[in-house]
Amino acid sequence: MAIVFEKPKSLTSKELHYCPGCPHGIIHRLVAEAIDNLGIEGKTVGVAPVGCAVMAYDYFSCDMVEAAHGRAPAVATGIKRALPENVVFTYQGDGDLASIGMAETVHAATRNENITIIFVNNAIYGMTGGQMAPTSLPGQVTQTSPYGRDVKVAGYPIRVCEMLSALDAPYYIERVAANNVKNVLRAKKAIEKAFRNQIEGKGFSLIEVVSACPTNWGMTPQKALEWVEDKMIPYYPLGVFKDKEANA
Amino acid sequence: MTTQILIAGFGGQGILFSGKLLAYKALSEGKELSWLPSYGPEMRGGTASCSVTISDEPVGSPIIDHPDVLIVMNLPSLDRYESTVKKGGMIFVDSTLVSRKVQRDDVKAFYIPSTKLAQDMGAQNLANIVLLGKVLKDCPAISRDYLEEALKKVVSARHPEMYELNLKAIDAGYNYTE
Amino acid sequence: MSEKVLMKGNEAIAEAALRAGCRHYFGYPITPQTELTAYMAKRLPKLEGGVFLQAESEISAINMVYGVAGTGKRVMTSSSSPGISLKQEGISYIAGADLPAVIVNVQRGGPGLGGIQPSQSDYFQATKGGGHGDYHLIVLTPSSVQEMADLTHLAFDLADKYRCPAMLLADGTMGQMMEPVALPEETNCKVEKPWAVTGTEMKREHNIINSLYLSPEVLEKTNFERFERYAKIEKNEVRYESYMMDDAEYCIVAFGIAARVAKNAISAMRKEGFKVGLIRPITIWPFPKKAIREAADKVKGFVSVELSMGQMIEDVKLAEECLRPVLLCNRAGGMIPSVDQIISVTKELVEGGRK
C-alpha cells in the first residue's frame, strides 16, 4: 500500500502536549518538513524557548538546546558561531521574542546573524494561563487585561516584522499565518526558504507565523481560526517585509 | 631590598608611562616588581598615580602606604602625599608646575623644572621622562642600568623615533644641576 | 615555563584563556575589566576559529556562552560586579544544564552601581549560588598576576572535568596591576564531550541541553547527582596557601589582594615577635574548611581580612567550629585594608587572648 501521509522524520514519536486545536503542532510539522526536505536533520541544532513550545526539544529529533526566557537568539548566536557549518534555528513565542527577549532579537537581526527564527505570534502568554502579550490586540481581554488591553495604560502591540524591516542588516523577514490551508502552504514555503537562506550563508531570516490560542482566547478551535482571519491578520498583515534576494 | 615608588600628577602627564618604564627596567634587571595604577572614570586631566614596588624578594602588597620615593608633577599630589613618605625618603618635584617647597625636613627633596626643560627640547609631553632622569641620577636605589632596554619595550613600535627623544629627555634630567 | 613578561592582570587572564584553547569570548564593556575584553577583541579574530563578539548586554553575553558551552567548545565571558549580577540567570542555566564554562568577575564596590574601585563584596554571590536554585561554581581567587594566568588555565580544566561552570573571582587591583608573569604553555585540550550538541549526523540519538524537569522526582534526582559531583570537587580540588603557619599562634585568613597586604602585615608583626601566619584560600568554593579546622587546634584566634562588610568570615567561623575567636578586619566600597589596620586588629586579637 502506498504511504500518502506520514510523520516527518525530523519529528520524534513523542506525543505533543499542546492543547486541542493549537496550531503549534502544524507549525512544528512545517519546520520538520523543511528540515527533511533540505536533508539537514543531522547537522541542525534547534533552540527551544520558554513558553508553550518549551518542550520542543523533545519533539524535534535533531540536537536541541533549551534557552532561558527570551534568550534563544543569543544562545543560537553562540551555537552558530561555534558551529558555522551547522544549521541553527530558534522557535519562539511572542512573549519570549518580542517582550523579554526583544534586545536579543533586534541585535541578532542587526548582526545579520546567520540563523533562522520561527516566531509564533498568538497574541497571548499561553503557558502561564493567558496573560497579555506584547502582541495582544487593543481591547483584547486577557487575564492581565481583564477590561481589554487599554493602549493608554499598556501601550500598543508591537509589529515585529515591520520593526525589524527598518534595520539594514536582516536578510529575510516574512509574516505568514497558520489559520487555513492556503496560508499553511504559504507558511511552509516561507519556512523552507528561511532555512535555505541560512544554508546559503545569506544571514538572518525570521518567519512570523500568526497563530491562535483557542484555550486562552476562550474560543472553539474553529472560532479561534476565524478570529485570526478577522482580527489578527488585519492588524498583522501577511507578506514579505524584507527580502534582500528579491532586492538584489 | 625593597623600594616603593609613588608617582603622581594629572592624568595625561605620563604618570603611568613613567611607572611602566621603571617596571620594565626592573624586569630587565631580573628583579621582582609590581606596577599598580590608580584608575578612574576620567581619561585625561583627573588625578593619576602609579605605585611601583621593586624588590629582591617577591613583592607583598602592591599598594604603597608609605613610599620611599615620591615623584610629583602637580601641587595637589605634593599636598596629598608629602606626609606619607617614609622618614629618610626622597621627594622629586617638577618645579615648573609646583611652586611650593617640600615642608618636611626628614626627607630629601629635589627640584627640577622638568616641564620647562622638556619645552626647551620641543617635547613638552616628555616632562615626566625628564623628571625620571633626575631620579635615576640622584636616587641610589634606582640606577640607570638597563634603561635603554626598558625604553625599547615601552616605546610604541609605531613611533620608533620616540626612543631617541625619550633618551634625550632622560639625559636632560640626568645632567641637570640645581 | 616561558620567559617572564610584564602584563596587566586582566591581560594575563585573556592570554591564559587563549593558551588553554579558548577560542570563544563574549563580553560587554565594564570597568575595571575592560582590558580583558579589548585583548580578546584584538587577538581572537586573528586566531583560527576565533570568535570575539561584543554582546548587546551581559545577559546576552552569558547566553551566548551557554550556546557555545552546549557545543562542547571552550568559552569564556568576563565582567565586573554589576554585570555579573546580570549574568546570574545564565549562570544558573549553565549549572543546571551541567555545562563547562569560565566566568571572570573582576570585582568592584557595590551594591547597585557602586563604584569602580576594587572589592571582594561578591563573595556571597560567587560562593553561595548567586542565581536561583541549588548549585555551586568552582570559585578560584588569584592573588598575583601569575595566578591570574595559572588559575584561568586551571578553571577551564576543572570546568571540563566536572561539567560545572568555574569562576575566576578577582578584583580591580588584580585586574589593573602589572607583574612579571610566566605564561602557561599552550595546551591542546581534548576532553571527550559526548553530550554536546554538534548535529546528530544521523548517527546517534539527539542530544538535549536542558535544565527543565517538570517532574519533581526527576529534578530532585538531577540535583542529588550534581551534588555527588560537588562532593568530589570538595574532596579533590580544595586549594590554599599556608604561609608561616608552622609556629603561628594567630591566623589571618585572606584571599586575593587582601592576602597580599596581610603578608606585609605578617612580616612587620613577626619582626615585633608576634607569631602570625596566613591561610590564603585559593578556592573559596570549595572552601579550605579542613585547613582552617586544623589551624583552630593550634592557634589562639583568627582574623578575617576582607574588602567587604564581612562575608568570608561566615565560612571561617563555620570551618573553625566556634573553637576560637574570629575578628573581622575590613574595608568596603572600594577601599583596601592597610598594613597598619591589619596589625591593629591582629593585636586586638592578641590582647583579647590575654584577658
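Start by selecting helix 11 of chain C, residues 312-320. This helix lies across strand 11, strand 14 (301-306) and strand 15 of chain C, and runs at about 160 degrees to strand 14 of chain C. Before moving on, a word on what you are looking at: this is a predicted model, where local features need pLDDT of at least 70, side-chain atom pairs count only at pLDDT 80 or more, and totals for chains, interfaces and linings use all residues. Residues are numbered from 1 along each chain as its sequence is written, while chains are lettered from A and ligands numbered from 1 in the order in which they are written.

Some terms for the tour: helices (H or I, at least four residues) and strands (E, at least two) are DSSP runs, numbered from the N terminus. Axes are lines fitted to C-alpha atoms, for helices over the stretch in contact, and angles run from 0 to 180 degrees between N-to-C directions. Two residues are in contact if their C-beta atoms, placed from the backbone, lie within 7 Å.

**Stop 1: the sheet under the helix**

Now select the five strands of the open sheet in chain C, whose order is 10-12-11-14-15, with mixed pairing. (Two strands pair if DSSP finds at least two bridges between them.) Which strands stand at the edges? They are strand 10 (240-243) and strand 15 (326-330) of chain C; each has a single partner strand, so one side of each is left without a neighbour in the sheet. From one strand to the next, the twist averages 20 degrees.

Zoom in on strand 11 (residues 250-253) and strand 12 (residues 276-281) of chain C, which pair in the parallel sense over four bridges. Here Cys251(C) stands opposite Gly277(C) of strand 12.

While you are here, pick Trp285(C) and Pro286(C): the peptide bond between them is cis, with omega near 0 degrees. Pro286(C) is in the loop between strand 13 (283-285) and helix 10 of chain C.

**Stop 2: two domains of chain C**

Colour chain C by domain: domain 1 is 5-194 + 208-236, and domain 2 is 241-354. These bounds come from an automatic or database domain assignment. The C-alpha centres of domain 1 and domain 2 of chain C lie 27 Å apart. Their contact takes 27 residues from domain 1 of chain C and 22 residues from domain 2 of chain C. On the domain 1 side, helix 5 (123-127) and helix 8 (216-236) of chain C are among the elements that give two or more residues. Helix 5 of chain C gives the most to that side, with four residues.

Next, select Gly110(C) and Pro111(C) for another cis peptide bond, with omega near 5 degrees. Pro111(C) sits in the loop between strand 5 (102-107) and helix 5 of chain C.

**Stop 3: a helix pair**

Select helix 1 (residues 9-19) and helix 2 (residues 34-43) of chain C, whose axes come within 7 Å and cross at roughly 40 degrees. That makes helix 1 of chain C oblique to helix 2 of chain C; angles under 35 degrees count as roughly parallel, over 145 as roughly antiparallel, 65 to 115 as roughly perpendicular and the rest as oblique. Show side chains where the helices meet, including Ile13(C) and Leu18(C) in helix 1 of chain C and Leu36(C) and Tyr39(C) in helix 2 of chain C.

**Stop 4: between the chains**

Which chains have the most contacts among the two pairs that touch? They are chains A and C, with 32 residues of chain C in contact with 29 residues of chain A. Helix 3 (58-71) and helix 4 (81-96) of chain C are among the elements that supply at least two residues to the chain C side, and helix 3 of chain C gives the most, with nine residues.

Select strand 2 (residues 63-66) of chain A with strand 9 of chain C: two bridges join these strands, which run parallel. The bridge partner of Val65(A) in strand 9 is Ile209(C). Chain A and chain B, by contrast, do not touch, and their nearest C-alpha atoms are 27 Å apart.

**Last stop**

Finish on Asn112(A), which has a positive phi of about 50 degrees although it is not a glycine. Asn112(A) is in the loop between helix 5 (102-110) and strand 4 (116-121) of chain A.

Terms used. Pairing = 2+ DSSP bridges.
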